[in-house]
Amino acid sequence: MNASQIISDDMTLEEKLSAIDAAMKAAQAAADDQARATGGVAAPLDPASLTVCDGCE
């Protein structure tokens with residue numbers, strides 16, 4: 001994903017954050033669809049959950 005395709009210098013902070021959020025949701029949806037097609041499981045929506053071990057959750 002190329003940031004320059006998602007945001008531009010003339011956007012407000014709110015517009016930039018909304019564009020990033022929309023791009024992340026679209027990427028997650030694509031990963032979910034691909035995982036369902038192959039019978040796998042897509043990465044979690046919250047990347048921070050990858051930094052915590054299962055026993056610590």
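1. Glu14 is found in helix 2.

2. Some ground rules before going on. This is a predicted model, in which local features need pLDDT of at least 70 and side-chain atom pairs count only at pLDDT 80 or more, while totals for chains, interfaces and linings use all residues. Residues are numbered from 1 along each chain as its sequence is written, and side-chain values use heavy atoms, with hydrogens and water left out.

3. Overall make-up: the protein chain has two helices and zero strands. Of its 57 residues, 9% count as buried. The chain exposes about 4600 Å², and carbon and sulfur atoms supply 57% of that area. The accessible areas come from the Shrake-Rupley method with a 1.4 Å probe; for residues, only the protein chains shown count as cover.

4. Back to Glu14, which also belongs to a negative surface patch together with Asp9, Asp10 and Glu15. Patch members have over 30% relative accessible area and no salt bridge; like charges are joined within 9 Å, and nonpolar side chains (Val, Leu, Ile, Met, Phe, Trp, Tyr) within 5 Å. On the charge bookkeeping, Asp and Glu are negative, Lys and Arg positive, and His and the chain ends are not counted. Each charge is placed at NZ of Lys, CZ of Arg, CG of Asp or CD of Glu.

5. There is a nonpolar patch to look at, too. Leu13, Leu17, Ile20 and Met24 make up a nonpolar surface patch of about 380 Å². Leu13 lies in helix 2, which covers residues 13-38, and it is exposed at 59% relative accessibility.

6. How many salt bridges does a search of the whole structure find? It finds two, taking a salt bridge as a side-chain nitrogen of Lys or Arg within 4 Å of a carboxyl oxygen of Asp or Glu. One joins the side chains of Lys25 and Asp21, at 3.4 Å from N to O. Lys25 and Asp21 are four residues apart in helix 2, so about one helical turn separates them. Lys25 is exposed at 53%, whereas Asp21 is partly exposed at 37%.

7. The other pair is Asp33 with Arg36, whose closest N and O atoms are 2.9 Å apart. Both residues sit in helix 2, three residues apart, again about one turn of the helix. Asp33 is partly exposed at 47% relative accessibility, and Arg36 is exposed at 60%.

8. Met1 lies in the segment before helix 1 (3-6) and is exposed, with a relative accessible area of 73%. Not counting residues up to four places away in sequence, Met1 touches Ile6, Ala23 and Ala27, a contact being heavy atoms within 4.5 Å.

Notes:
Buried < 20%, exposed > 50% of the residue type's maximum accessible area, 1.4 Å probe, protein only.
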